[in-house]
Amino acid sequence: MQSSLDVRNPATNEVIGTIKNTTPDDVDLCVSAAQEILPVWEKTAASKRAVLFVNAASLIRSRVDGLAALLTTEQGKPLREARDEILGSAHVFEYYASVCGSIPGDARDLPGYGYLNVVRKPLGVCAAIIPWNMPVMIFAWKAGAALACGNAVLAKPSKTAPLTIIKIAEALHEGGFPKEALQIVTGSGEQTGSALITHPDVRHISFTGSIQSGKAVSLQAAPHLKKLTLELGGNDSFIVTRTADIESAVKAAVRNRFYNCGQVCTSAKRILVDEHIAEEFVHKAEVMLSGYVVGNGLEKVNMGPLNNANQLALIEAFVEGVLDRDEAQLVYGGKRLDMPGNFYAPTLLKNVSPLAVSEEIFGPVMSVIPFGSADEALDIANSTMYGLGSSVWTSEISTARRFAEGLRCGVVWVNKHLTLPPEMPFGGVGNSGFGRENGRDFVYEYTEPKSILFG
Ligand code: NAD
């Protein structure tokens, strides 16, 4: 195994940093340090923890320009999106400041038995395994929830986007979080990730990534009987009914699908449009895309590169495959761009066969699928192993309710898509994983109840 790993700028392919590929022995030292701080950290008053979150959020906000530029340089997204993500992470930490004093418990008289007291205890050392697409936000969700409940966290970023997370953790330490309670453990999934997952003193693993890696993580964790939260991929449908405000729907679909170069778990990956308005929808989307500027995210662009060469190859193969098999018609884009980084043109496909997009397409491809009836739209939307999010676009409350009831997924939006406030529980059903982040549900993931019965 390599002792260090290079981090590259996806817009230029230049090396911009190097991280340690942490070995199992070093992971062991990190876990021991976390174990040692736990008795002190879990007894720290919630009001004190809240202050630390507020301090860190304020430092992050004051450093937003530098942090956003670093995020763009390692991840590829346009600066505007990187700023949103950095400020969004500060907001998540503020949310955890506001809720860490309200971890629920229960106290009841049980006639005939005694008096019941239920307190929720932290789990201990938790591992957070993070992907490269929204690295800072996903780190904030996991670290915020775990620390708010009194756990220690060892966070492993993806090897292709670790640098900004390291800087965000510095802000948390400067804000007052003990270094041992929050540690960033860099390295590959195979070496560092596996060492964290199989370490006997790591009691909880919160993993966000692909289904394939999620299965590998589950297999490694099973013999150790560990608690798991899995946030896996998504294949969200974005359903545009005949009563939708088509202008708003097109704008939202294009902005959403090409946000972060299409590399978002809840991106609108399958655009289902009523057949009566499908051509108009496609035409308006094409007009919008023809004005899209693609380039280095540090410049004034609408879309940056894909994060890594592997993603670029997958997208290229997908588009070539569906066109060769006549499973879709190309309207716009459809090619790699002749630039040094991992650039692919924003691509619009119409009349896409639902089967052709049954797998998640994690890149800048908008697939429009026409449908004839609400039943057909629901069948198509639910005919996937994923179940993360979906949206319905309509001006009729009855249609909104019908889809909200019928869609099999963890989040349904009505006349919006992708918005994920920290107050809202987030997670999937089916192969999109299990467990929830944020909302009030974080408590169930990061604590365990202890029942005390007084006689
Ligand atoms: P990935 O699964 O390749 O890697 C995710 C993380 O897991 C990385 O830190 C990686 O090093 C680590 N890892 C990989 N294999 C491992 C193993 N066997 N043991 C331990 N750690 C391991 O995913 P990615 O390519 O970084 O991210 C893209 C995927 O993530 C997409 O499928 C996307 O939909 C999904 N995703 C899901 C959500 C969600 O909340 N549901 C959010 C963002 C991304």
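Which helices and strands each supply at least two residues of the shell around the ligand? They are α7 (189-198), β8 (202-208) and α8 (211-221), where helices (H or I, at least four residues) and strands (E, at least two) are DSSP runs numbered from the N terminus. This is a predicted model, in which local features need pLDDT of at least 70 and side-chain atom pairs count only at pLDDT 80 or more, while totals for chains, interfaces and linings use all residues. Residues are numbered from 1 along each chain as its sequence is written, and side-chain values use heavy atoms, with hydrogens and water left out.

**Ligand shell**

- The ligand is surrounded by 30 residues, a residue being near a molecule if one of its heavy atoms lies within 4 Å of it.
- I130, S213, L232, C265 and E360 are the closest of these residues.
- By class, the shell holds 15 nonpolar, 12 polar and three charged residues; Ala, Val, Leu, Ile, Met, Phe, Trp, Tyr, Cys and Pro count as nonpolar, Asp, Glu, Lys and Arg as charged, and the others, Gly among them, as polar.

**Polar contacts and cover**

- A polar contact is a pair of N or O atoms within 3.5 Å; within protein, one must be able to donate a hydrogen and the other to accept it, and residues adjacent in sequence count only if both atoms are side-chain atoms.
- A polar side-chain atom of E360 is 2.5 Å from an oxygen atom of the ligand.
- For S213, an N or O atom in the side chain lies 2.7 Å from a ligand oxygen atom.
- G209 places a backbone N or O atom 3.4 Å from an oxygen atom of the ligand.
- Of the 850 Å² of accessible area that the ligand has on its own, the protein covers 88% (Shrake-Rupley method, 1.4 Å probe).

**Positive phi**

- Most residues other than glycine have a negative phi.
- N13, which is not a glycine, has a positive phi of about 70 degrees; N13 lies in the loop between β1 (4-8) and β2 (15-20).
- N13 is partly exposed, at a relative accessible area of 32% (buried is under 20%, exposed over 50%, partly exposed in between; 1.4 Å probe, protein chains only).
- N415 also has a positive phi, near 55 degrees, and is found in the loop between β16 (411-414) and β17 (433-434).
- The relative accessibility of N415 is 37%, so N415 counts as partly exposed.

**Strand β5**

- A128 belongs to strand β5 (residues 125-129) and is buried at 2% relative accessibility.
- From A128 to I16 the separation is 112 residues in sequence and 24 Å in space, C-alpha to C-alpha.
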